[in-house]
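Here is a friendly walk through one structure, taken a piece at a time. Have the sequence and the 3D view ready.

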Amino acid sequence: MPDISILTTITPNHYLVLSACLFMIGVAGVLLRRNLIVLFMSIELMLNAVNLSFVTFSHSFGKVDGQVMVFFVMTIAAAEAAVGLALAVSIFKRFKEVNIRFFEHLKG
Amino acid sequence: MTADAFLFWFLAALTIVSALSVVLMTNPIYSALSLAMTMVSVAAIFVTLQAYFLAGVQIIVYAGAVMVLFVMVLMLFDLKHELQAFTRGRFSGAFKIASIGSLAGLLVGAMYTANVLTVPEAASVANTTPKGAITPLAEELFLRNVFGFEALGVLLLVIAVGTVALSRSKGGTHARH
Amino acid sequence: MSHQLLVAVLILSPLIGFLLNGVRFKHTNYIAAGAIATTAVFISFICSVLLFLDLVNAPENQRTIAVGFYEWFSVDKFSINAGFVVDQISSIMILIITGVGSLIHLFSIGYMHHDKGVTKYFAYLNLFVFNMLLLVLGDSLLTMFVGWEGVGLCSYLLIGFWFNDAAKAAAGMKAFITNRIGDAAFIIGMFILFFTFGTLNIHELNALAPTTMEASWLGAVTLGTLMLFIGATGKSAQIPLYVWLPDAMAGPTPVSALIHAATMVTAGVYMIVRLNPLFVMAPNTMMVIAVIGAATAVMAATIGLTQYDIKKVLAYSTVSQLGYMFLAVGVGAFGAGMFHLMTHAFFKALMFLGSGSVIHGMHEEQDIRKMGGLKKYMPITHITFVMGWLAIIGTPPFSGFFSKDEILWQAYSSPRGHVLLWVAGAIGAGLTAFYMTRLMALTFWGTSRVDKHVHPHESGSLMTIPLIVLAVLSVIGGWIGIPHVIGESLGHIPNYWEHWLSPLIAKMPEVAAAGEHAAHSAVEEWLLMGASVSIAGISVLTACLMYLKNTDAPKKVSDAFGPVYKAVYNKYFVDEFYFASLINPLIKGSRNLWYYVDVNVIDKATYKTTDLVRGGGSFVRSLQNGNMQQYALYVIAGAAITLSLVLMR
Amino acid sequence: MTSMGTTGFEITVNLIKTVLVFLMMVQAVPILVWLERRGSAFIQNRFGPNRVGPLGLLQLLADAVKFLTKEDFAPEKGNRFMFYAAPVFALIPAAIAYMAIPMSVPLKLESATFLIQGFEINVGIVFVLGISSLAAYTILMAGWGSGSKFSLMGAMRASAQIISYELALGLSIVGVILMYGTFNFNEMILQQQGPLSFQAFGYTVSTVALPNWGIFYQPVGMILFFAATFAESNRLPFDLAEGEAELVAGFHTEYGGFKMLMFFIGEYGHMMIASGLMATFFFGGYGIPYVSIQDVQNFGMNLFGSEIAANVFNTVVHFLMYNLKFGLFLWIFIHVRWTLPRFRYDQLMDLGWKTMLPWALANTMVTATVMFVTSYFMF
């Protein structure tokens, strides 16, 4: 009989694994997608995964340091998204396209 | 505790499915909406971890502001279906997926071999801090991390200026008026 | 003021002057530039005087002011401090450097006022004073060497000051390269001494000097001191490295006065006096020094007989006088060497400045065949020049008499001396008297051979005041070192000089064993003194006869000694010899090395390396293709590998 | 999740309650539509719908039938999924947010206590603001899914407007949060009980003439908040998204029938949330001025003699009080709509960024300073 406690008893490890999966999905997006904005979104996904780990640790250790970190990460992510989108808009104005196929080689 | 387990599995499935659809949807607008969904479900997971304030902030900042911006920009671009959503190259694609998979496997494996946090619920800890109390968070943020907080303020100001400057430039990044 | 502050001001004042003038080097306001530079050196002079007075007032056994500023660097146990020592020897030197230096700076304002690069000139001059002070004050050989190199640099810059003239630029290069040879020997000497004694601090080296003489030629002390002496021959223009000094006259005349007569060229003598406890224990080195000194004195004097360029004559005279100094230190008469260094600084600076005044008044004419009878155009220059002339030929009450006489007496009487050395010195003295008189006769006296278009005139007061001061010093400068025999007969006038220096002068072991001057009597000394003075007198008379009364005599003499005269006139073909034997083979060898070794071996090796790197690069470049996603993949793959390694451990 | 209760009875009641609150919101919409039509007619000196049923009340039913029987169509060039999903999603955030607002004193039955709200959440304000900000998605989805330029432009305008005014909205209530020291609605309402009294410099200042409502402490915050909620719910004078002269009907140009009605429900839902928050933040929530909860409880005890009946009475009275305030604000919303003209778009953005945001910031700073000074310096 398989051990079903892994299904019924939720430990912090469950959250961490979920976080890892989320992170790897984000990585996959960064590696595989070609749309600039989807790349940004994948990065946001990775940041979220990290946030999830922070909150999990904060919860299991009973300290709020992790939550403060999440707070900072969120702020920076928002800032990053703002700049990223502004860049994307600039690029779109110039190339009429946000697919990095057209400008993936970092040349002028 | 089966209710908690059910909630976790439900939210985890929701999160994973919507996260996957972020990556797999070829229409970027669906991706963005899926990401918003992911954000909301992560916020719900925060709630199950008793980080209520963060859950609220997650929804306001990510789902309510950042992702709306993404969606708006995407709709402005009006990209229906992408010509080439994924990178080309069979070999490098296989290599990418292989390394992603192996890293994910390694991470999960590491967690299960580490065996540190398998305590069901840090019950003692959960009782010491009142449920969803914001005061400790505020104290941590404004007393011990006040420098970081102020630095973030400066960062946001810089970002605001930079973004305005960027979006006012006409015709791309190398434009000469 | 504390001594530390005094020394700091003393050293830094010229440096600040250099910086002030250096940053505005394109300005042509000679008053401002000269004022800055002269003030800077004069401040140093005041500091020197204060320090000297402090030393005089101190008890006799505490006449050393050592100040340290910071640790310059340290390697293992080898540590060099930025430390400076003012003692009996270096205090004399800083007085000469800053005192004579101030006068020469003042003179330069008048002399250089027409020059476009006047600010640059004064900047160099101040930098030279700074480096010279470093040289004499440094408490270790390394600090001294910094100054040693620094003065070499300034000398190069100033000789080639008018570098638009190819010959002058070449003269600068010649000086620099010749000095470099000496410096290499100097460095080797330092290595040997450090290897032997484990320190480069001068005080410690002197304290560690062996107590017995080293008889072997290959002993560490002998070799080390010999190497240092070769360094000194470069800097102080002795055989075989003297060739640069006559050419160095290409620089502005005040530079010749300051650097190539009064201060820098005496650095070698100073260095040997500094390290006299070491040199004393290496009799073989001492012998070499004495012989080379004497040979240089005679040889340079003979060349001086035939030269027609007023500065060349003075330059060979300088080489000759430096030979005297080396003769003095070579026979162990360090005090006499220092004494002659000082008096020579006075009268030779005076004569150089005088010649500068003449050249200035003659509108850049340096050939004494085109002068003559300048006495009536330039009375002050003439009078002061006469003082210098009397001093250098050793006329009794003038300064040169005392110092030169002391050297000659020591060359004869010292345990390391020899009668032959005395003979050489006496011949040198006679020759000196002859060519100096010739110079005087051709320049100032006799009939005028001045070109009709040139109207000689007396220089301005900025130039004559330094001349007067130096003339006074040339007259009285020797009275502080009156020899015992004369002092006794004049009523117990003590020899202040010897007394002042004696704590720092090591006694020669032979002297310590035998008792002072045991073997020689006062009569001998009187006799020799009379002999040298009469030789000089005869020379003067001969020269006067030849160049004033019987003006076609020189021609006859030179015809009579045809080949010899030609050899002497062409400086014994030493330059040509060097070119043929050393420089041309070197150039040829270098060219062959370049043609065969460089092109075929080294270049090929580098090209092969380039090809290899390029080949490797083109492979690696395919990894760095500008595709961010590729980069991200590397990061992820790296993370996976790292994590798997961590997990497997 | 223990907030759903521990016993089966509690969980059941809580679930039913949640559904009830949701239904209440949905059912309030027809009433509001009737109110709006009659009210506008009253303002414009017309009759309005008055044929179907008494006072035209049954007009709602007729409308509902009409909407349901209309042809259901989608634009060909649009995105069908988005087009159909948008109206559904329009309902959900409004409903969820509304459920967090408490409507009466908790009802005590024997051992169990039931809150008269969908669910209680500790960080109520943050939650409500967050959820209601999701409304921007429905607008964008609708605008984009319609595949029409007018719709897209309308959606862009509306969502930009919502994002812009969210800032002013959030900042305007920071003062309130500072003052009450909590995010929890119930605690806020309890703090607003009794006569106006506060502590300053160590003294307690009190007056019986006024209730202890937030508006007396945060008048500027109240005005800013109310103005921002207008923009958030896309009502006049901020309904730029549906400026008929420019954009036909904004993001729901292509919508008709019941789907259109769902957008209306969403919009009214926002109005209701705004009204409920106004009452909660600034007007004592369900609290009755000059009368404390205990007074009502005692009155009920005297009247019925049984504690359960008194509890029920207490809850009902406060629920009515809440609805009175709630209705008043809803009426103000409607009245404003038919009174004021529409802004121009640049004026709207200017107002949001250059006027309301600085004022809200200033309000926050002043509140914080005053609170610090009055609590720190004791005389």
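## A covered helix in chain C

Among the elements that cover the buried residues of α19(C) are α3 (88-111), α15 (334-361), α16 (379-393) and α17 (399-413) of chain C. Helices here are DSSP runs of H or I with at least four residues, numbered from the N terminus. This is a predicted model, in which local features need pLDDT of at least 70 and side-chain atom pairs pLDDT 80 or more, while totals for chains, interfaces and linings use all residues. Residues are numbered from 1 along each chain as its sequence is written, with chains lettered from A and ligands numbered from 1 in the order written.

Which residues of α19(C) are buried? They are M463(C), T464(C), P466(C), L467(C), L470(C), A471(C), L473(C), S474(C) and V475(C); buried means that 20 or more other C-beta atoms, placed from the backbone, lie within 10 Å of a residue's own.

## α3 against α4 in chain C

α3(C) packs with α4 (residues 118-137) of chain C at an angle of about 175 degrees, their axes 10 Å apart. That makes the two helices roughly antiparallel, a term for angles over 145 degrees; axes are lines fitted to C-alpha atoms over the stretch in contact, and angles run from 0 to 180 degrees between N-to-C directions.

By class, this contact has nine nonpolar, four polar and no charged residues. Nonpolar covers Ala, Val, Leu, Ile, Met, Phe, Trp, Tyr, Cys and Pro, charged covers Asp, Glu, Lys and Arg, and polar the others, Gly among them.

## Chain A meets chain B

The contact takes 66 residues from chain A and 71 residues from chain B, where contact means C-beta atoms, placed from the backbone, within 7 Å. α4(A) gives the most to chain A's side, with 23 residues.

Conventions: Two residues are in contact if their C-beta atoms, placed from the backbone, lie within 7 Å. A residue is buried if 20 or more other C-beta atoms lie within 10 Å of its own, exposed if 12 or fewer, and partly exposed in between; C-beta atoms are placed from the backbone. Angles under 35 degrees count as roughly parallel, over 145 as roughly antiparallel, 65 to 115 as roughly perpendicular and the rest as oblique.
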